[in-house]
Amino acid sequence: MGNIINIKNINVSYGKNHVLKDVNIDIKEKDFFTFLGPSGCGKTTLLRLIAGFEQSQSGELIIDGKEVSKLNPWERDVGLVFQNYALWPHMTVAKNISFGLEEKKVPKNEIDQRVDEVLELVGMQDLKQRYPFQLSGGQQQRVALARTIVVRPKVLLLDEPLSNLDAKLRNQMRIELLELHNKLQITTIFVTHDQEEANSISDNIAIFNEGVIQQVGAPIDLYNHPKNLFVANFLGTINVIKGKISNGTFSDGNDFKLEKLKADNSDNCSLLVRPQNIYFEKKNDSDQNFKGKIQSKEFLGNIIRYQVLISGQVMTIDSMHEGKEKIYSKNEDVDVFVNPETSQVI
Amino acid sequence: MFKNLFLNSTSLIIGVFLLLFLVIPIAQVFYVSFLDVNGSFTLVNFSDFFKNQLFIESFYNSFYVAAMSVVLASVFALPLAYFTSRFNFKGSVIIQSLGFIPLIMPPFVGAVAMKLFFGTNGSVNLLLDQYFGFKIPFMEGLNGVIFVESVHYFPFILINLITSLNNIDRSMEESAQSLGSKGFGLFKRIVLPLSMPGYIAGASLVFLKVFDDLGTPLLLDINNMLAPQAYLRISSIGINDPMGYVIAVILVVTSILAVWVAKMALGGKDYSMLQKGGGGMIKRDMKTRQKITAYSVVGLILFLVLSPHIALTLLSFGTIWSFSVVPDAYTIDHYKNIIFENSIFIKNTMLYCTLAAFIDIVLAFFISYIVLRTKVKGRQLLDYIAMSALAIPGLVLGIGYLRTFYSFNNPLDGKPLASWWFMIVLILAVRRLPYALRAANAALMQISKFLEESAESLGARKTTIFRKILVPLMTGGLLAGFITSFSTATVELSATIMLVSTEVDAPLAYGIYSYMQTAAGRGPGAALGMIGVLIVAVGTYFSQTIIDKKYKKTGEVNNG
Amino acid sequence: MKKILSFIVAFLFATSAFANTVTIVTSFPKDLSGKFKAAFEKKYPNIKVEIVGKKTTAGIKYIQETKSNNTTDLFWASAPDAFEVLKGDGLLQKYTSKAKGIPSKVGSYPVNDPDGFYTGFAAAGYGIMWNTRYLKANKLPAPQQWSDLTNPVYFGHVGMSAPSRSGTTHLTVETWLQGVGFDKGWALSKEMAANFKTVTARSFGVPDGVNSGDFGVGIVIDFFGLSSIGSGFPVDFVYPKVSTLVPANIGIINNAPNKKNAQLFIDFLLSTKGQETLLDPKIRRLPVNPNTYSKAPKDFPNPFKDKSIGAAVKFDVDLSKSRYNLINSMFDVMITYRLDELRDAMSAIYKAEAALKKKSNSKASALIKEARALIAKNPISEAKANDAEFNKIFKKKRKKAKDIEKYAGTRQAEVEAGWDKAVVANYSAAKKKAEQALKLL
């Protein structure tokens, strides 16, 4: 499978405000690709740039082998689904959906057939003649999707499509989106600020911060091997210990020394350990032991989250709650174990 | 206890006011139209109306003129609204401010001025005839009325259209573009339908206004329309001729029907509520050729809609303007004449319109409070009645006032109440109440109810809440209502022409009208018109800046 | 707030603050009344003139309805028949001014009411005004007589106001009817009307149209023409032969509160200063004192010297009064509201006549004659028009409001609808005949 989108050295600025800086991304065909980042990071701008609603000052945008930077939105063959769905209130569901086909001068009978197909696909057959204001949020979302996919765009662009839904509906829609993608095999770009959403749905993710791409990769790779602190922090809770490393041994300058790390020498680096990778009992031979003191605990259901003082620094430790494990209380002295293989130095 | 007493008595007072000065006069008109020679109920007057060819023709003409004025006004308003909301267009500010100026000049004054420009032997036709050997009958017969009215009233469509275009969420348009739609197709299928509610609101207002306008056809010597027929019947045959009342009833019924049809056409679809973002349409830069087209279209339209002002300026400074492209020579004597000898019209107008607008905002404040915030019985009715003044032709209200108040004498001077100058203030107040009410409603809706409730829980009484919380917060909205009422009242003629009994009591519009009835009066009349336009324009400008400042201030508070 | 209130209070009482006043109800425009008010107040600084401007008909009604608590001193207007109405109702009181040098007649009309209830102070006649630039541009001759206006060259160039709209125009029409006879007068009216561009609703619409060049020729009362000339417009004015000079009048109301001042005002109107004020370029009415004309500009018409002005018709004011509304109604039905049909029919006749000039055809000639007869045909005869009972339908009731509702309106509307039908039928038949004639030629 080749790349369907190549974004090369894209720069966008509004006056002095540099919104996108030298952005380079390649997106594979049929990929479910996510732009992830906090609000104002430039992810939506890039999506709109692909759709043709923003202009870049420099760089190239290639869709399916064609440079499209100078093309109008209606010439690009990409479908954008808006955050607020942007359903036209003066048209019925059916009319909303058939709009794009009519614009493409598709024959009438084919339009009817394709509209019915897509309505069935999103499970909205019965609501064909309704007006948007007669629909619930989730139904509006489905119509917005249907309206876009019915024209079979080369790329489907989704701008925070789930953000206007409540939590339960959001999970359900997420699954439906994924099923839809599997069925249709359309390259999809998804914009969100929710890392859990991104992880659960994407083949690949690009993480944005302040207009710069931080890292691109599959969710698990990004989670396990963040290239920088921003990515590390953004993809979930992580313990960061500042210090130096020499000959595979990390030291925070106090009591904390972790050996047998695979990393180059550095005088200024950070050790990253996810809370679930610190244990209260030894699990592997290569685990190394440290002394700690419980500061507080938090019951989260499937896990218990402790704040533990280790070598003068508070670290977060997640312990699976299985029902039989030992529960520690405040000020209790504990042994903790860290494995160099599940730790990372950057 | 006090609270309810206060609110109930206020509602009662407002109710009585509306009953006396709106409902009863109109009811009088309806009542008389159904009376036969013996004073008992009959439909024969209406059958006379429909048997009389002239009345049928007048009805048809009024309808035709109103409808065509809507069409022509749309032709003026659509490109202006389109360019301003669609492109990064330098002319936008000019359009938006100049586009409103026609409203602050009485349409019949525009008629006089436009006759000089576009008449059979007006400037334009003289030039056309000289260079091309043909003339265009801009002002012949009904054409003239349509032309003058649409130039005067097109801002109603423009304002509403621009507002509704700006309310369209830009994603509405982008999603269509993303699906392959572009250009005019996009405009036709998405933008136009979405701006329809605003357009229809504006268009129906234009229809109503044109349908009941009296001054313009009168000055253009068009008799066979309904409003002039009613006026002519009553002023020549007498206040007791039933046909005048029958025509008045037909005017009211048609107006209400027009409002109803407009409402039906919308089918209760107010899209603005359903869209979340707003932010207006995508604005694009224009290519050079587009720019040239846009500027020439806008230039032509602006020339057309400002032609009354241009011609009026020339007339007010001109000595003799007869069968020539421009006046023979120029002078400032007309202004001297007005300012030194006849400033009474200006004083009267300032007094009447200030009082009327003041009455309006006081009434509007209490009505909107009662309707939106209380559970006083019949509050909705209060609102309906107050708003219904919009659909009542000024002429009909004027006739109703004459009928109702002529037989009562004013205790101050023993003359009929109908000829007391304060009745002019009242009729102006009633006529313009809907504008003020709309502004007050909008202002009150923006204020959170909690602000009042928190004051109440701290022990404040209703009057204190009004004075210390609501009035300060609503100042901007109330001031906007004041200006709209004031500036539109200054140009009113239909209602006041029936009530003005002496020249000393006459307002500006009437003064101009009577000036225009003497050979030497055209210049001074025009000068008077110009001064009126200037006063309203300056007043509006200053109030607008006050509103802007106020809005910024409260805006900060609300956001912070 | 307080300022506004005090302003209102001041305003309310301002008008009643002057005890020594004279209140005048008048139909005259401000240009005229204002000048006299200023001149009078200059001469009598302690007397304040209060002008109440009303159309003539409204003024009559106003005085009738306020008679129980009368505040008006003088009624000041053009039309003598308005004064006849007030006199008939006993609302005027006698006064004979001591002013010297006023002759008993102007033209063939007595200056003052023979019974002494009202006094003439200026004369007015009816004539034709035209825009010289307009006539030159359209290569039209200046008309001199009413019959000139029936010439097809003036087609679409003439304007007149409806007699129902203005008392002065009514007198013009009545002058035609009395001057050449009822049927001939209507025929003349309609033949002139065929050349009308418009029938204005306001009497001033006519001079306004001529002044601005909207149309070239207007049928107007003299002071409109003269004051337009006085204001500098490129217009001219002439009195045709069939014309009446009628005095404009002033009379003291029966129980006038300021009788003395009222008398002073009448004396002032007739004084040398008052009469000269009439010559003001914005007023330009014919003074009733022959000596005043020595101060008049060149070419100012002088009826006391030029005996052709207004002498040809002996105007019967009683006849005019008895059928006032009926004549107005006939004019409106036949001309004002059916101008398009009339013009259509007449232009067809013009065409046929032009063709007839080149080629003679007795049948066509007869058809054209019939067509003209159809145009001239009136819906009622002179006898019926003068019938007092029939005229009652058209009477404006000037009594109490309750009496009015009983008779007014409905029947008049019925009669008018019948006339309208007949008139439209005649016009369209005339048009058909003219077209038939044209086909024969």
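1. Into which domains is chain C divided? Chain C has domain 1 (16–122 + 247–295), domain 2 (126–243) and domain 3 (323–441). These bounds come from an automatic or database domain assignment. The C-alpha centres of domain 1 of chain C and domain 3 of chain C are 38 Å apart.

2. A note on conventions. This is a predicted model, in which local features need pLDDT of at least 70 and side-chain atom pairs count only at pLDDT 80 or more, while totals for chains, interfaces and linings use all residues. Residues are numbered from 1 along each chain as its sequence is written, and chains are lettered from A and ligands numbered from 1 in the order in which they are written.

3. Chain C, continued. Its secondary structure comes to 19 helices and 14 strands. Helices (H or I, at least four residues) and strands (E, at least two) are DSSP runs, numbered from the N terminus. The C-alpha trace of chain C spans about 80 × 55 × 55 Å along its principal axes. The radius of gyration of chain C is 24 Å, which agrees with the value near 22 Å that a compact globule of 441 residues would have. That radius is taken over C-alpha atoms, and the globule rule is 2.2 Å times the number of residues to the power 0.38.

4. Burial and contacts in chain C. Buried residues make up 51% of the 441 residues. A residue is buried if 20 or more other C-beta atoms lie within 10 Å of its own, exposed if 12 or fewer, and partly exposed in between, with C-beta atoms placed from the backbone. Of the contacts in chain C with a separation of 6 or more, 79% are between residues 24 or more positions apart. Two residues are in contact if their C-beta atoms, placed from the backbone, lie within 7 Å.

5. Chain B is built from helices. It has 23 helices and 0 strands. Its radius of gyration is 25 Å, close to the 24 Å that the globule rule gives for 560 residues, so chain B is as compact as a globular protein of that length. The C-alpha trace of chain B spans about 75 × 70 × 50 Å along its principal axes. Buried residues account for 53% of the 560 residues in chain B. Among contacts in chain B between residues at least 6 apart in sequence, 78% join residues at least 24 apart.

6. The nonpolar core. A nonpolar core is a set of buried Ala, Val, Leu, Ile, Met, Phe, Trp, Tyr and Cys residues joined through C-beta atoms within 7 Å. The largest one has 388 residues, and those with the most contacts inside it are Leu157(A), Ala248(B) and Ala440(B). Helix 18 (residues 421–445) of chain B gives the largest share of this core, 17 residues. Leaving out residues up to four places away in sequence, Ala248(B) touches Val29(B), Ala230(B), Leu395(B), Val396(B) and Ile399(B).

7. Chain A has 8 helices and 20 strands. It is divided into domain 1 (3–217) and domain 2 (237–345). The C-alpha centres of these two domains of chain A lie 41 Å apart. The C-alpha trace of chain A spans about 75 × 50 × 35 Å along its principal axes. Of the 346 residues of chain A, 39% count as buried. Among contacts in chain A between residues at least 6 apart in sequence, 64% join residues at least 24 apart.

8. Look at strand 3 (residues 32–36) of chain A. Of its 5 residues, 5 are buried, so the strand is largely enclosed by the rest of the structure. Both faces are covered: Phe32(A), Thr34(A) and Leu36(A) are buried on one side, Phe33(A) and Phe35(A) on the other. Two strands pair if DSSP finds at least two bridges between them. Strand 3 of chain A pairs with strand 8 (residues 187–192) of chain A in the parallel sense over 5 bridges. There, Phe32(A) has Thr188(A) as its bridge partner. Strand 3 of chain A also runs parallel to strand 9 (residues 204–209) of chain A, joined by 4 bridges. Phe33(A) stands opposite Asn204(A) in strand 9 of chain A.

9. How the chains meet. Of the 2 pairs of chains that touch, chains B and C have the most contacts. Chain A and chain C do not touch, and their nearest C-alpha atoms are 47 Å apart. The contact between chains A and B takes 20 residues from chain A and 20 residues from chain B. On the side of chain A that touches chain B, strand 6 (78–81) and helix 2 (93–103) of chain A each supply at least two residues.
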